[in-house]
Amino acid sequence: MIKILSRSIMGICSLLSLPLWADGGQIAGKAKPDSHAPIAVMGEHLHKQGEWMVSYRYMTMKMEDNLQGDKSISAQEIVTSLANPFAPPPTARVVPVEMTTKMHMLGLMYAPSDKFTLMAMINYLEKEMDHLTFMGMTGANVLGEFTTNTSGMGDTKLSVLWGLLDTSGEKAGHKVHLNLGISLPTGSIDEEDQVLTPMGARPTLRVPYAMQLGSGTYDLEPGITYAGSLDQLGWGAQYKATIRLSENDEDYTLGDISMLTGWGSYRFANWISASLRLTLHDVDRIDGSDPLIMAPVQTANPENYGGERIDFGVGINTVTHAGHRFAVEYETPIEQDVNGVQMEMKSMLTLGYQYAF
């Protein structure tokens, strides 16, 4: 597989007139593919004084079917057993069955000194959720299907990376830095779309929390990152948190988030490396509720948010002679335990490009 990926990337770089190697097989500026973490890890490296970096990431995430805790639950079981807190009807009558999220992320980094790097990231989101609507007030007869869509700017991230330790050399070293970030509420939290009700009507309603584009709050994002290397081996770990600072304008607060990730990498050649990664996500329930989100669907209930998940990821990092970086990482959950009833996470794919100058 590595040979196939290598040939493909070599072909792309040839078409773009981007040479992979400098004379003598050395990469310009001694850049290494594994000097950056897997592409889905954010804020994991610093830059030298005066250096800039631009980046683009495309992430697609898929959810399908449903879980109650860590067990599968069918749509028919949901509509006959899951209480609707906005009754009537007494139970949920609409069930989400598939969701895709696509995110475009533009990033900019600048280092005013070797010890500090500034970072900004803007996001554009596209969300789509497919549903089954069940007929009437009770029973498990399907009335029909419908899909809701939202798209627009997400929340904007600003952060400072503060270097604490750097013993890196040509063959080995260790680095540690603090992540000090804030998330600005630039994403919408009042998105609407047309739905299919159990009685066959098609009104336009405010979509549930999972389909909104932002948090509606200013959020702190502290963290700490470590990276080490020895010859062709690399490894690292990062802890980051998201701490909501207030209630938003719609009377709720998304759950706080803790994320711990660790990775290891191996450099096959001076332009390509592969990585493995494990990530633990711990997310709190939503506090409060939006009075306009009151449909008989599990995603309208704040109790059905948050939980724990462990993801496993496989990635490829490359760097060209001219310093252009291309990377990909695929992740899939190996364990999930959700609060209440929620859709099951299936996979995440991140593609990325980075260029420092």
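Tyr239 is partly exposed, with a relative accessible area of 35%; this class lies between buried, under 20% relative accessible area, and exposed, over 50%, judged with a 1.4 Å probe and protein chains only. Tyr239 belongs to strand E11. Strands (E, at least two residues) and helices (H or I, at least four residues) are DSSP runs numbered from the N terminus.

The model is predicted, so that local features need pLDDT of at least 70 and side-chain atom pairs count only at pLDDT 80 or more, whereas totals for chains, interfaces and linings use all residues. Residues are numbered from 1 along each chain as its sequence is written, and side-chain values use heavy atoms, with hydrogens and water left out.

Tyr239 is one of the residues of a nonpolar surface patch, together with Phe116, Trp162, Leu164, Leu165, Leu180, Ile224, Leu260 and Leu280. The accessible area of these residues together is about 760 Å², computed by the Shrake-Rupley method with a 1.4 Å probe, and for residues only the protein chains shown count as cover. Patches consist of residues with over 30% relative accessible area and no salt bridge; nonpolar side chains (Val, Leu, Ile, Met, Phe, Trp, Tyr) are joined within 5 Å, and like charges within 9 Å. Strand E6 (residues 156-166) supplies the largest share of the patch, three residues.

Strand E11 spans residues 233-244 and also holds Thr242. Thr242 is buried, at a relative accessible area of 12%. Apart from residues up to four places away in sequence, Thr242 touches Asp219, Leu220, Glu221, Asp256 and Ile257, a contact being heavy atoms within 4.5 Å.

**Salt bridges**

A salt bridge is a side-chain nitrogen of Lys or Arg within 4 Å of a carboxyl oxygen of Asp or Glu, and the count comes to 12. Three of these pairs are given below.

| Pair | N to O distance |
|---|---|
| Lys62 and Glu64 | 3.7 Å |
| Asp219 and Arg244 | 2.7 Å |
| Arg309 and Asp311 | 2.9 Å |

Asp219, in strand E10 (residues 219-230), and Arg244, in strand E11, link distant parts of the chain, 25 residues apart. Asp219 and Arg244 are both buried, as are Asp311 and Arg309. By contrast, Lys62 is partly exposed at 31% relative accessible area, and Glu64 is partly exposed at 25%. Lys62 and Glu64 join Glu98 in a network of salt bridges.

**Nonpolar cores**

A nonpolar core is a set of buried Ala, Val, Leu, Ile, Met, Phe, Trp, Tyr and Cys residues joined through side-chain atoms within 4.5 Å. The largest has 16 residues, of which Met99 and Met105 touch the most other members. Strands E1 (52-68), E3 (94-110), E4 (116-134) and E18 (341-356) each give two or more residues to this core. A second, separate core of 12 residues includes Phe146, Ile189, Tyr252 and Ile286. Beyond its neighbours within four places in sequence, Met99 is in contact with residues including Met61, Lys62, Met129, Met211 and Met343.

**The chain as a whole**

The chain comprises two helices and 18 strands. Its radius of gyration, 23 Å, is close to the 21 Å that the globule rule gives for 357 residues, so the chain is as compact as a globular protein of that length. This radius is taken over C-alpha atoms, and the rule is 2.2 Å times the number of residues to the power 0.38. Of the 357 residues, 47% count as buried. Among contacts between residues at least 6 apart in sequence, 70% join residues at least 24 apart.
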